[in-house]
Amino acid sequence: MTVMETTSTRTDSCAAPPHPHRRPEGQDSYTISEVVAFTGLTAHTLRWYERIGLMPHIGRSHTGQRRYSNRDLDWLDLVGKLRLTGMPVADMVRYAELVREGDHTFGERFELLETTRRDVLARIAELQDTLAVLDRKISFYADAGRLYEQDKTTYQQDKTYQQEKTEKAG
C-alpha cells in the first residue's frame with residue numbers, strides 16, 4: 001500500500017487544490033523529470049525521499065524508470081508543507097510509516113501533527129514579534145529621515161538668510 005492509498009475506512013491526503021498539469025486518473029504516469037518540473041524538487045531529492053521511506057513504492061515502467069501518480073504528487077505537496085513547518089525529516093518519515101500502517105495509527109498521527117502545529121504557532125508568534133521590531137525601526141527611520149530633511153531645509157534657509165544679510169551689510 002502506498003502512503004496515499006485508502007485504508008479500510010478513510011483516505012489520508014493533503015487535500016491540496018487540483019493542479020492544472022494533472023492528468024486524469026488512470027492516465028497519471030509522470031516521469032521523474034516531469035515531477036521535478038512540477039514540484040521544483042531535484043531528481044536527487046526524489047530518489048532520496050524514496051530511499052529513506054518518505055516516498056516508498058514508486059511505480060516503475062517496464063524499463064525500470066520511476067513513474068509517479070497523482071497520489072504521489074499529492075503526497076509530495078504534503079511533504080512540502082511539512083518541510084515548511086520545520087518538521088524534522090525523521091518525523092516526516094515516521095508519519096509516512098504511520099499512514100502506511102493503517103487506521104489504528106490515527107492517534108499517533110494526530111499527536112505528531114498537533115506537536116508540529118504547536119511548533120508552527122510558536123514560530124509565528126516569534127516572527128510576529130520580530131516583525132513588530134522591524135516596524136518600529138522602519139517607523140523610527142522614516143520619522144528621522146523626515147526630520148533630517150526638515151532640519152537640512154531649515155539650515156539651508158538660515159544660511160541663505162545669513163549670507164543675504166551679510167551682503168546687504170557689507
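Reader: Why is arginine 60 called partly exposed?

Author: Arginine 60 has a relative accessible area of 44%. Buried means under 20%, exposed means over 50%, and partly exposed is whatever lies in between, with a 1.4 Å probe and protein chains only; since 44% lies between these limits, arginine 60 is called partly exposed. Please keep in mind that this is a predicted model, in which local features need pLDDT of at least 70 and side-chain atom pairs count only at pLDDT 80 or more, while totals for chains, interfaces and linings use all residues. Residues are numbered from 1 along each chain as its sequence is written, and side-chain values use heavy atoms, with hydrogens and water left out.

Reader: What makes the contact between glutamate 50 and arginine 60 a salt bridge?

Author: The name applies when a side-chain nitrogen of Lys or Arg is within 4 Å of a carboxyl oxygen of Asp or Glu. Between the side chains of glutamate 50 and arginine 60 the N to O distance is 3.3 Å, so the pair meets that limit. Glutamate 50 lies in helix 2 and arginine 60 in strand 1, so the bridge ties together parts that are 10 residues apart in sequence.

Reader: How do you know which stretches are helices and which are strands?

Author: Both are DSSP runs numbered from the N terminus, where a helix is a run of H or I with at least four residues and a strand is a run of E with at least two. Counted in this way, the protein has 5 helices and 2 strands, and from the N terminus on they follow the order α-α-β-β-α-α-α.

Reader: Why are the buried residues of helix 2 said to line one face?

Author: Thr45, Leu46, Tyr49 and Glu50 are buried in helix 2. Seen down the helix axis, they fall within an arc of 140°, so they line one face; the arc is that of the directions from the helix axis to the C-beta atoms. On the other side, His44 and Arg51 are exposed. The buried residues of helix 2 pack against helix 1, strand 1 (59-60), strand 2 (66-67) and helix 3, where a contact means heavy atoms within 4.5 Å. Helix 2 is followed by glycine 53, whose phi is positive, near 95°.

Reader: Which residues does arginine 94 meet in salt bridges?

Author: Arginine 94 meets glutamate 97 at 3.4 Å, N to O, and glutamate 101 at 3.6 Å, N to O. Because arginine 94 and glutamate 97 are 3 residues apart in helix 4, about one helical turn separates them. An α-helix has 3.6 residues a turn, so residues three or four places apart point the same way. Arginine 94 is partly exposed at 28%, as are glutamate 97 at 31% and glutamate 101 at 42%. Arg94, Glu97, Glu101 and Glu108 are linked in a network of salt bridges, and the structure holds 5 salt bridges.

Reader: How do you know how confident the predictor is in each part?

Author: That is given by pLDDT, the predictor's confidence in each residue, from 0 to 100. The mean for the protein is 85, and 84% of its residues reach 70 or more.
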